[in-house]
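The sequence and the structure are shown below.

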Amino acid sequence: MPIVETLEDVVEAILKSRYLISLTGAGISAESGIPTFRGRDGLWRKYRPEDLASPEAFRNNPKLIWEWYSWRISMIINASPNPAHVSLARLEDMGILKALITQNVDNLHERAGSKNIIKLHGDILTARCISCGYKKRLDAPPEELPPKCPSCGELLRPDVVWFGEPLPTEALGAAIIHTHRADAILVIGTSGVVYPAGAIPYTVRENGGVVIEINIGESAITPIADYFVRGKAGEVLPKILDLIAKKL
Ligand code: APR
């Protein structure tokens with residue numbers, strides 16, 4: 001895995017690509033003040049995922065789970081996209097980035113202006129009924145915890161993917177299509193340990209595509225990266241965009 005000395009190589013690889021996609025993880029939102037999961041101050045260092053992000057945990061104590069999601073929802077609503085999110089939206093507007101596959105549930109890609117976003121792990125700003133499928137957009141944490149479905153009275157739950165749950169069919173289908181079309185992938189701020197998201201860069205590589213990773217440290221993707229840029233996404237991506245803009 002060649003550590004990139006200059007960003008020129010990465011820019012060349014991006015400009016040579018016909019179908020560039022991106023896979024993002026919690027690291028891209030770290031500079032927006034959203035904690036990652038497995039980083040130094042990561043959520044899973046403080047809490048056990050099975051206690052807060054599993055269907056069993058919700059069945060056992062829906063109020064506790066909603067208290068935790070309400071805390072995350074407030075943090076996310078008060079956060080802003082950072083230059084990394086904005087750079088990916090620009091790359092899409094330039095027609096270079098074809099699709100953005102994210103593991104994040106924080107909506108910061110949308111708020112940065114990205115359009116073709118595939119949310120593999122759902123959306124924390126949507127609540128859905130556990131029974132009738134009713135969905136509701138949240139612009140603030142629910143007042144009543146746990147919130148009830150206005151349509152059938154059952155419990156609402158965060159519309160995110162919990163451990164042990166399948167990914168949303170439509171999102172997974174779209175991710176597979178873009179992954180097999182891709183001849184290059186920008187992997188940004190993910191540990192790459194959660195599947196099936198973690199398999200996406202490997203599939204692009206197996207199909208002969210180029211893997212470009214941006215991360216402050218090595219991840220499970222680094223061994224197959226053609227280019228590894230060690231750095232903060234919010235600092236590295238704007239530099240790449242500026243170099244690209246100069247070449248176009
Ligand atoms: N810039 C780039 N990378 C960063 C930055 C930054 N500013 N800050 C942290 N990182 C990197 C870390 O080095 C780490 O590799 O981001 C990665 C974050 O990894 P995780 O915390 O494991 O987050 P993620 O890969 O998104 O987790 C995947 O796990 O808990 C579940 O559903 C949850 O979607 C999540 C999934």
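The model is predicted. The ligand sits in the largest pocket. A shell of 22 residues surrounds the ligand, the closest being Arg 38, Trp 44, Thr 190, Ser 191 and Asn 215. By class, this shell comprises eight nonpolar, 11 polar and three charged residues. Polar contacts of the ligand include those in the table.

| Residue | Protein atom | Ligand atom | Distance |
|---|---|---|---|
| Gln 103 | polar backbone atom | oxygen | 3.1 Å |
| His 121 | polar side-chain atom | oxygen | 2.8 Å |
| Ala 233 | polar backbone atom | nitrogen | 3.0 Å |

The ligand taken alone exposes 740 Å², of which the protein buries 91%.

The backbone is considered next. Most peptide bonds are trans, and most residues other than glycine have a negative phi. A cis peptide bond links Leu 145 to Pro 146, with omega about -10°. Pro 146 belongs to the loop between strand S5 (135–137) and strand S6 (156–160). Another cis peptide bond, between Tyr 195 and Pro 196, has an omega of about 10°. Pro 196 is placed in the loop between strand S7 (184–188) and helix H9 (200–206).

Asn 107, a residue other than glycine, has a positive phi near 65°. Its position is in the loop between strand S2 (97–102) and helix H7 (108–112). Is Asn 107 buried or exposed? Asn 107 is buried because its relative accessible area is 8%, where buried means under 20%.

Definitions and conventions: Residues numbered from 1 in each chain as written. Predicted model: local features only at pLDDT ≥ 70, side-chain atom pairs only at ≥ 80, totals over all residues. Heavy atoms only, no water. Helix = DSSP H or I, 4+ residues; strand = E, 2+ residues; numbered from the N terminus. Buried < 20%, exposed > 50% of the residue type's maximum accessible area, 1.4 Å probe, protein only. Near = heavy atom within 4 Å. Polar contact = N/O pair within 3.5 Å; in protein donor to acceptor, adjacent residues only side chain to side chain. Areas by Shrake-Rupley, 256 points an atom, 1.4 Å probe, with all protein chains shown as cover. 1 Å grid on protein atoms, 1.4 Å probe; cavity = no way out; pocket = protein on both sides within 12 Å on 5 of 7 lines; lining within 4 Å. Sits in = over half its atoms within 2 Å of the grid points. Nonpolar A, V, L, I, M, F, W, Y, C, P; charged D, E, K, R; others polar.
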